[in-house]
Amino acid sequence: MSERVSETEPTTPVGTNGVGTAPVAAAPAQATAGIVSDPLVEYLIRHGDDRLVLGHRLSEWCGHAPILEEDIALGNIALDLLGQATSLLGLAAEQEGKGRDADALAFFREAVEFRNVQLVELPRGDFAVTLVRQFLFDAYDVLVTEALSRSAHAPLAGVMAKAHKEARYHVRHSGEWVVRLGDGTDESHRRAQRALDDLWRFTSEPFLMDDVDRAMLAAGIGADLDALRPRWEASVREVMTEAGLQIPGGAFVARGGRTGRHTEHLGHMLAEMQIVARSHPGATW
Amino acid sequence: MVDRRRPGAALDPAALARALGDGWEPESLDVPSDSPEIPPQPLTADAVWAALHEVPDPEVPVVSVVELGIVRDVRIDGDALTVVITPTYSGCPAMREIERDVLAALRACGWASARVVTTYSPAWTTDWMSDATREKLRAYGIAPPGAGRAAAGETLVTLRRRGTAPERVPCPFCGSHDTALRSAFGSTACKALHFCNACRQPFEEFKPI
């Protein structure tokens, strides 16, 4: 893999491991927060953070879902995502080689250091928002996990091959719910359509490729997001048609999560998610 | 508690681990392998597999961690023993427990320095279960995973069209196929929830993956 150096940003020394450690152009200065220079570490953290944040959002339903089966289902899916996040952040910490682990990355980073897409950090909203968001993510996730299961980075490929099997269950579940809600009562249709309208502008970000994505793709490690997008659109369109929901227009694309620019919601979520670990550092139970 | 693993073990290390609680690490269980209470057995692959066959899955205790395919490999290099395990699901909360149980079983055989490592590749699949294991699950009241179903289906989102018959999982109690899926996500990550219209019983299915 050829080295790519930013013209405007000073690059910091790369990690100690042998795989994919060439420096790439750094993210915009205001968003780097001095965290990562190894694109592989960055890449692992991005995919880990998507799962950590969405898993936490889903777990907020525990004990509150409208029916018991769904309470259990959302908890199950959250568990899958958090398990995947643990693996991916663990790999990132190992690759980084600074003595951090998955817990340190989850509980002792600030919002600007998180690299998840903004779609997953939005509040859980009502049940329709949760399930429409979940489907929009799952339809992406089932594709990206499949692509990354062929990654040249064997540990990433292993985690993603496993995640892909789980994602297939997730997307079926959330897809069926989108149809049920969109094609259900007037009330469920209205709420599902409103959720889709509100969330749509966040659905491009997962497919935007930057220097990190391109470096990882060139190294055979990362996924070609440009190639996945048409497949995502086709499956989302099919399900929305079945559900009787209208995909909104509008050109505005929310972006920034991959370089640490987040909505205000992430900070609030992290405050709750991290407070126990930060109040009692080193505690075990 | 009843130690199902090995008669004659003076101290159940798993119980000890639970009693010790905070900060317990597998290493802390290590005692010298020449401990008089536990004469070490000869370290052979067959003996290790036999010991692991006695370790029940904590959530489905009718089958062992070997039968479920969680134990992937046994590596012996001189005196060093490494057991490779893989999770059924990424977030399976029983993995830590399984690791402890495996170490405890090996300890009971006198292989105190055994290590357990976790691998994610190849990803666990229900296709690894033998017919005998599937029958054990069914007899226990859990519908076994359908053979080959794990690999089936290439479409991204498989929605059921109106009027098409959904997939029916036979009831493990009465054998009827007049059943309905209640939820693809059951009491544990690896199970789905069904209902039998014939015998009016809810039942779980070990879902194919």
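Reader: At what angle do helix α7 and helix α10 of chain A pack?

Author: This is a predicted model, and in it helix α7 of chain A covers residues 154–182 while helix α10 of chain A covers residues 225–243. Their axes are 7 Å apart, and the angle at which the two helices pack is about 30°.

Reader: Which residues of α7(A) and of α10(A) make that contact, and how do they divide by class?

Author: From α7(A) come A:G175, A:V178, A:V179 and A:G182, and from α10(A) come A:V239, A:E242 and A:A243.

Reader: Which element gives the most to the side of chain A that touches chain B?

Author: Between the chains, 36 residues of chain A are in contact with 21 residues of chain B. The elements of chain A that give two or more residues to this side are α3 (68–96), α6 (127–148), α7 and α10. By class, this side of chain A has 17 nonpolar, nine polar and 10 charged residues. The element that gives the most, with 16 residues, is α7(A).

Reader: In the open sheet of chain B, which strands are the edge strands?

Author: Four strands of chain B form this open sheet, with mixed pairing, in the order β4-β7-β6-β5. An edge strand pairs on one side only, and in chain B this holds for β4 (142–143) and β5 (179–183).

Reader: Which residue in β7(B) does B:A143 stand opposite?

Author: Strand β7 of chain B spans residues 201–206, and two bridges join β4(B) to this strand, the two running parallel. Within β7(B), the residue that B:A143 stands opposite is B:E205.

Reader: Where in chain B does UniProt place the feature "domain: MIP18 family-like"?

Author: The span that carries this feature is 32% helix and 20% strand, and its end C-alpha atoms lie 14 Å apart. The UniProt entry is unreviewed, and it places the feature at residues 46–111 of chain B.

Reader: How many residues of domain 1 of chain B are in contact with domain 2 of chain B?

Author: Chain B is divided into domain 1 (13–118) and domain 2 (141–206). On the side of domain 1 that touches domain 2, the residues divide into three nonpolar, two polar and one charged. Domain 2 contributes four residues to the contact, and the number from domain 1 is six.

Methods
Residues numbered from 1 in each chain as written. Chains lettered and ligands numbered in written order. Predicted model: local features only at pLDDT ≥ 70, side-chain atom pairs only at ≥ 80, totals over all residues. Axes fitted to C-alpha atoms, helices over the stretch in contact; angles between N-to-C directions. Contact = placed C-beta atoms within 7 Å. Nonpolar A, V, L, I, M, F, W, Y, C, P; charged D, E, K, R; others polar. Pairing = 2+ DSSP bridges. UniProt positions renumbered as here; feature names shortened; annotations may be inferred. Domains from an automatic or database assignment.
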